[in-house]
Amino acid sequence: MKLFKILIPLFILSAVSCKSVAPITETTEKSNFEKLASVKEVVKIEKRKASSHFNENYEIWFKQPIDHNDASKGTYNQRVFLGLVDTLKPVIVQLRGYGIHSDKASELASHYQANQLTIEHRYFNNSRPEKIDWNTLTIENAAKDQARIINAIRDAICPNSKFISTGISKGCQTTMAHRRYFPKNVDASVCYVGPLNFKREDPRIFEFLKNVGTKEEREKVKAFQNLCFENRAELLKLMKKAAEEKQLTWKFGIENALNYTILEYSFAFWQWGFDINSIPIENTSPKAIYKHLIDVVGYSFFEASSVKSLQPYFWAALTEQGIYGYETKPFKKYFNTDEILKFDWAFPEGITKPFNPKPMQEIKTFLDTTAEKMIFIYGEYDSWSATAVNLSNTASKRELYKFVKPKGNHRTRINSFEKEKQNEIYSIIDSWLK
C-alpha cells in the first residue's frame with residue numbers, strides 16, 4: 001500500500017443560467033507530487049521543507065528487488081531525496097556510496113541551479129530489508145537500483161531534461177559502476193576522488209604513501225607513528241579511559257584498535273590534508289600525542305558501533321571494490337612481524353567471501369574503451385589517489401577528462417581549483433548540457 005502525506009484542496013464550482021448550463025471540462029495539470037506518487041515503484045512520498053535553491057523537496061521511498069536477478073528473494077525500500085527547481089532544467093543525480101545525510105544542493109546543482117536527485121545506496125541507513133542477505137550487496141544490483149529510479153523520475157516529471165550523475169569517493173565508485181552497466185542511463189558524469197582498486201589490499205597504496213609529499217614531510221609522519229608506538233603503554237591507558245567515557249568497544253580488542261589507529265595515521269593524514277606543522281614532536285606529553293592521533297584518525301573506522309553502520313561499506317570493499325591494508329615491516333621492532341594487517345575482522349558475523357576482482361576490471365575496460373562524457377576530479381596528496389582512474393590514449397576522443405588539484409586532498413572539488421581551471425571544467429559540462 002502506498003502511503004502519501006498530502007492535503008487535497010476542495011473546490012466548489014457553481015454555475016447559474018436562465019436557460020442552460022454549458023458543460024465544464026477540467027484540464028487541471030497534475031502536480032509534481034501527484035506525478036511522483038503515481039509511479040508504480042513508489043511506496044511512500046513526503047514533501048519536505050524547501051532547502052538550498054529548490055522550490056520543492058521530497059523524500060521518496062522506492063520498492064526495489066533484493067536481487068534483481070532473482071525476484072523470489074523479495075523486496076526492500078530504498079530512500080531518495082528529490083529537490084526541484086524546474087522540471088525542464090538539468091537533473092544532477094547524486095549517487096551516494098553510503099547513506100543520505102542531507103538534502104542540500106551539491107556543488108553541481110548549486111552551480112547550475114539545477115534539480116537534484118540523491119539516491120541512498122542499498123543497505124545503508126534504513127534502505128535495507130529486515131534481514132540482509134549480504135551476497136545480494138553487489139555493484140550490479142546497486143547499479144540496477146539506480147537505473148530504475150532514474151528512469152522512473154525521468155518518465156514521471158523530467159522527460160526532456162539532461163541527467164548528469166555524480167558521486168564522491170565511494171559514490172564515485174558507484175557512479176563509475178552505474179555507467180559501466182548503464183552507459184546511456186545519464187548524459188554525462190562527474191566523479192570526485194574515487195579509487196579504482198584492482199586487489200582487495202591494493203599494493204599501489206603502499207607505494208603512494210612512500211612517495212607522497214616531500215621526503216621531510218614523510219619522515220615527520222613516520223616519526224610521529226614511531227612516537228606513538230614508543231608511548232604505546234600510556235596511549236593505551238588514554239584509549240581505555242576514552243572507551244569508558246564514550247562507551248566504545250572494538251570487535252578485535254582495544255590493543256589491536258590502538259595498533260590499527262597508529263598504522264592508519266599516515267593514510268588518514270594525507271587523505272584529509274592535515275597541516276604538517278600540527279604533528280607533535282619528541283618530548284611531547286602522551287596526552288598531546290593521543291589527542292593529535294585521534295584528531296587525525298578518530299574512532300569511527302574501527303569502533304564496533306561504527307563498523308556496524310559501515311558494514312555495507314566493508315562488505316563491498318572486501319568482496320568487490322577493494323580497500324587496503326597496513327604494512328608492519330616499517331615498524332617491525334614493535335610488531336616482531338612484517339605481515340600485512342588486513343580487514344578480515346570487518347566481515348559481517350559468521351560470513352566471509354573471497355574477493356572478486358572482475359567487476360573493477362570490467363569498469364577499467366569500460367573506461368579504457370567505450371565510456372563517454374566523464375570527468376574525474378582528484379587531489380594530488382589524497383591517499384585514495386594512489387588508485388585513481390588512469391585514462392587511456394583514446395579518452396579525450398570520447399570526452400573523458402581527469403583533473404588533479406596540486407597538493408589537494410580528499411575534499412577536492414571543482415571549486416578547489418584556480419578560477420581558470422574551474423572555468424575549463426565547467427565549460428566541458430556546459431557543452432554536455434546543451
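**Reading helix H11 and its surroundings**

Mentor: Let's start at a helix end: Gly322 follows H11 and has a positive phi, near 85 degrees. Helices here are DSSP runs of H or I with at least four residues, strands are E runs of at least two, and both are numbered from the N terminus. This is a predicted model, where local features need pLDDT of at least 70 and side-chain atom pairs pLDDT 80 or more, while totals for chains, interfaces and linings use all residues. Residues are numbered from 1 along each chain as its sequence is written, and side-chain values use heavy atoms, without hydrogens and water.

Trainee: How many residues of helix H11 are buried?

Mentor: Buried means under 20% relative accessible area, exposed over 50%, and partly exposed in between (1.4 Å probe, protein chains only). In H11 (residues 311-321), 11 of the 11 residues are buried, so the helix is largely enclosed by the rest of the structure. Among them are Tyr313, Phe314, Trp315 and Glu320.

Trainee: Which helices do the buried residues of H11 pack against?

Mentor: Contact means heavy atoms within 4.5 Å. The partners are H3 (139-157), H4 (170-181), H10 and H13.

Trainee: How many aromatic pairs does a search of the whole structure find?

Mentor: Rings of Phe, Tyr and Trp (its six-membered ring) pair if their centres lie within 6.5 Å; planes under 30 degrees apart are stacked, over 60 edge-to-face, and the rest tilted. The search finds 37 pairs. Phe302 and Phe343 are stacked, with 6.3 Å between centres and 25 degrees between planes. Phe302 sits in the loop between H9 and H10 (304-309), and Phe343 in the loop between strand E10 (340-341) and H13 (358-369), so this pair ties together parts 41 residues apart in sequence. Phe302 is buried at 1% relative accessibility, and Phe343 at 0%. Phe302 also pairs with Trp345, this time tilted, at 6.1 Å centre to centre and 55 degrees between planes. Trp345 lies in the loop between E10 and H13, so that pair ties together parts 43 residues apart in sequence.

Trainee: Where does the charged end of Lys170 sit?

Mentor: A charge sits over a ring if NZ of Lys or CZ of Arg is within 6 Å of the ring centre and within 35 degrees of the ring normal. The charged end of Lys170 is over the ring of Tyr98, 5.7 Å from its centre.
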